[in-house]
Every structure is written in C-alpha cells, then in structure tokens.
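Hello,

Here is the structure we talked about, ready for you to open. Please have a look at it first, and then read my notes below.

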Amino acid sequence: MGKALIIGCGGVASVAIHKCCQNSEAFEEICIASRTKRKCDELKAKLDGGKTKISTAQVDANSVEELVALIEKFQPDVVLNLALPYQDLTIMDACLATKTHYVDTANYEPEDTAKFEYKWQWAYKERYEKAGITALLGSGFDPGVTGVFSAYALKHHFDEINYIDILDCNAGDHGYPFATNFNPEINIREVSAKGSYWEDGKWVETEPMEIKRVYNFPEIGPKDMYLLHHEELESLGINIPGIRRIRFFMTFGQSYLTHLKCLENVGMTSIEPIEFEGKKIVPLQFLKAVLPDPASLGPRTKGKTNIGCIFRGKKDGKDKTYYLYNVCDHQECYKEVGSQAISYTTGVPAMIGAMLVMNGTWKGPGVKNIEEFDPDPFMEALNKWGLPWKESFDPEMVD
Ligand code: NDP
C-alpha cells in the first residue's frame, strides 16, 4: 500500500490513473497534479468512489520550488512523471531534494534540440545513490516493456543475445488524414529526426525514413515499417551483454508520411522559433494546436497494435530466435478506460513501474533503466493488468 504523486494529466496519465484506481491494493492514495488543474478535477470526478483516495493539485513542473512544496505537502512514496520529456530534470531535482523515488516513460529533452539521449538523466546516478532513492527511467511500452522483454529473454531463453529488432506496429485507423497518437510535438520530433541503429558498439546514422521493410505482424498482417532512432537503443546497447546490433522499426501509413513530408517541406515541423506578428512562435508547437487532440482519437480509432522484440542469439552453444510481443485492441482499450491503445500501452506499464518501485519489489538506489531490474514481476503484472504478452520461437526475421 502506498501513495503516488502523478504529474501530468494527458493521454498517458489518464490511463495510468485509471489503472492505479483499479489496483487500489497497491495505490491507496494518489494525487493528480498538472498544469491545468481542471483536467485533474474532471478525471477525479470520473474515478471517485473507488477504494483509491484521489486528490488534485495545480503545479508547474518546470519549477523545482513548486514541485518540492507539493511533494512535501503530499508526502508520496513515488513520483510518476507523465508530463512531457522537457520536465524530467526539474522533477528529478525535486525528488532528489525530498528523497522520493522517481519514475518516468520518456527521456529528458531540451526544448531546442531533439537528441533522445540519456546523458542528462544518467548524470544524476551518484546523487540518487547517495540519497538512497531510485529513479526508474522509461517505464512505458517503448521504452519500457521493450526493455523488460529484453531482460526476460536474456534471463530465461539465451546465454547471449546478439541481435534485437524492436517492432512497433500501430494498425489503428482514426479516420483523419493526419493526426498523431500521442503528443504531436513529441511524436513529430521523433519521426522527423534522422534514423539510427546501434551496431558493433557505435551508432550508424540514416536519413529519416531511409530504411523500409515490410513485416507480417501476428494478428495484423503485412505492414510497411521504417527504421527510426529510439531512446532504448542507447541503454539496451549497454545493458544487454554480447549485443551486436539493435534496431527499432515503426509502421506508418502512406497518408501519414505524405502529410508529414508536406508539413516538413513547408517548415511546420521545425522547432526553431520564428517571428509571427511580433511574437516568437515555434512552428511545431503551433502545428500541435491545430491538429486533433490525441485524447479525442479514442472513440474513433479501430484496429490493433502489435509491439514487441525479436531476439537472435545463442543458447547452449546453438543459434536461437525468439519473439515476444503484445497485441492490443484500440476499441477494447476505449471501452475499458476511455483511451486508445497508444496511451493504454504506455499508461499500464507506467502504473506497473510505479507500483514495483513503490512497494520495494524493485529496489536499489540510483538511476536505472528498466532492463536493469528483474523482469519477472513486471511480466506477471503485464498479464494481470491488461497487456498480456505472447511468444514465438520461430518468428519471421527482419533482414
Ligand atoms: P499529453 O500532451 O497528452 O500530456 C502531457 C501532460 O503534461 C498534460 O496534462 C500537460 O498539461 C502536462 N504538462 C505539460 N507541461 C507541464 C508543466 N510544465 N507542468 C505541469 N504539467 C505539464 O502527452 P502524453 O500523455 O501523450 O505523453 C506523456 C508522456 O508519455 C510524454 O513524456 C511522452 O513522451 C511519453 N510517452 C511515452 C511512450 C512510451 O512508450 N514510453 C509512448 C507515448 C508517450 P496540459 O493539460 O495543461 O497541457
């Protein structure tokens, strides 16, 4: 039993908060704190009446001072950061100052550059160790479950993993010609950045969307997928011994790519501020304001997601392949918690990570990526809390 402070009240947070309330045995009390308190109050009104006690608060997560005051007042056992990657460091600072465990789902991003690197957060390692608190980084699906899958494969199926391909397929259709399934700013920054993969101890860079493959996804069928840089490649490259190559592929439909190219060509995806009517605006932030709110896609999105990892390595001296994945249905998620599968597949692991850190199942002071912990309790919790996983010992491989 414990108390969690959840920061942010967007798509992912809404699912995590629903799940905390379903899991009232672990989450006795939660405080939902975000920039717009109205959203926190609306969610509280929907979920009140269950066993989990809910309170709400307004907080600017860019202000360490405000965060520290809130943590001192609420006294949580863990802070679950579901705001944006820009706020990771201020929230980590506030956790450090108050000696409170920290959990997030995405690595820190400076507003002016899209780097997808852990270096800023890893720099807190020693300070977290000294304070005797844990920071669990990347407890969403990817990063998150993909790291847990890797640790599980290594623990139970391989002596050595040499190749990992992470495949993220969203076969959901929301009926709009162009919309993003989670925060548009974060999503577009990710897909318009150069691609890269980790091979023989170094990064190999590609042009955006340069490498394309077609993969026949279980329960979905063949889809085009493209190689992207993704943040877990960096930590898995270090934490999985014997690794020679890790790649990340995500599926995109033709309509999405055509729109994105056009938006890029006219400068709308830029994060460089421009002068507009006497005011500085960031084109990508303006674009976010005119695109459909990801939270509004829930009722419209039909179809499934399939996200997982294909491993190739050695067991008892023999070559072995192994595929671990989860299939999630957009409409089923919507029925259960009022959100589509992208928020669902991130919000459920966020709740599980917070639970395992809060109840001490995962302990060890310092700043850790998810694959550094014992994967078994997390794998069990995925089956229990709505993201059951499947495995194949003879998967189609990606060339
Ligand atoms: P949303 O934009 O829907 O929600 C973000 C929330 O954070 C909003 O409630 C917003 O408030 C709040 N917020 C933003 N800035 C501040 C601030 N300064 N102070 C307080 N609150 C703030 O994003 P998502 O829910 O889609 O994404 C949440 C996180 O999850 C992101 O970091 C994203 O990168 C990550 N993610 C991780 C995935 C994974 O698999 N690992 C997959 C998908 C997302 P307001 O309502 O006022 O705007």
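Let me begin with a cysteine: C262 is partly exposed, with a relative accessible area of 45%. On this scale, buried means under 20% relative accessible area, exposed means over 50%, and partly exposed lies in between (1.4 Å probe, protein chains only). Another cysteine, C169, is buried at 0%.

Before going on, please note that this is a predicted model, in which local features need pLDDT of at least 70 and side-chain atom pairs count only at pLDDT 80 or more, while totals for chains, interfaces and linings use all residues. Residues are numbered from 1 along each chain as its sequence is written, and side-chain values use heavy atoms, with hydrogens and water left out.

Back to the cysteines. A disulfide is a covalent bond between the sulfur atoms of two cysteines. Here a disulfide is counted when two cysteine sulfur atoms lie within 2.5 Å, and the structure holds zero of them.

Next, the ligand. It is surrounded by 28 residues, and the closest are R35, T36, K39, A61 and N183; a residue counts as near if one of its heavy atoms lies within 4 Å. This shell divides into 13 nonpolar, 11 polar and four charged residues. In that sorting, Ala, Val, Leu, Ile, Met, Phe, Trp, Tyr, Cys and Pro are nonpolar, Asp, Glu, Lys and Arg are charged, and the others, Gly among them, are polar.

A polar side-chain atom of K39 lies 2.6 Å from a ligand oxygen, and one of S34 lies 3.4 Å from a ligand oxygen. D142 uses a backbone N or O atom, 3.0 Å from an oxygen of the ligand. Taken alone the ligand exposes 940 Å², and the protein buries 92% of that (Shrake-Rupley method, 1.4 Å probe).

D142 has another feature to look at: a cis peptide bond joins D142 to P143, with omega about 10°. P143 sits in the loop between β6 (134-137) and α7. Helices (H or I, at least four residues) and strands (E, at least two) are DSSP runs, numbered from the N terminus.

How many residues of helix α8 (184-192) are buried? Eight of its nine are, and what covers them includes β12 (245-251), α10 (254-265) and α11 (283-290). Helix α9 (232-239) is also mostly covered, with six of its eight residues buried.

H157 lies between α7 (145-156) and β7 (160-170) and is buried at 12%. Leaving aside neighbours within four places in sequence, H157 is in contact (heavy atoms within 4.5 Å) with Y152, K315, K320, Y322, E391 and F393. N23, in the loop between α1 (11-22) and β2 (27-34), counts as buried at 5%. With residues up to four places away not counted, N23 touches M351, M355 and W385.

Finally, look at E277, in the loop between β13 (274-276) and β14 (279-281). Its phi is near 45°, a positive value in a residue other than glycine, and E277 is exposed at 71% relative accessibility.

Happy exploring!

Key. A polar contact is a pair of N or O atoms within 3.5 Å; within protein, one must be able to donate a hydrogen and the other to accept it, and residues adjacent in sequence count only if both atoms are side-chain atoms.
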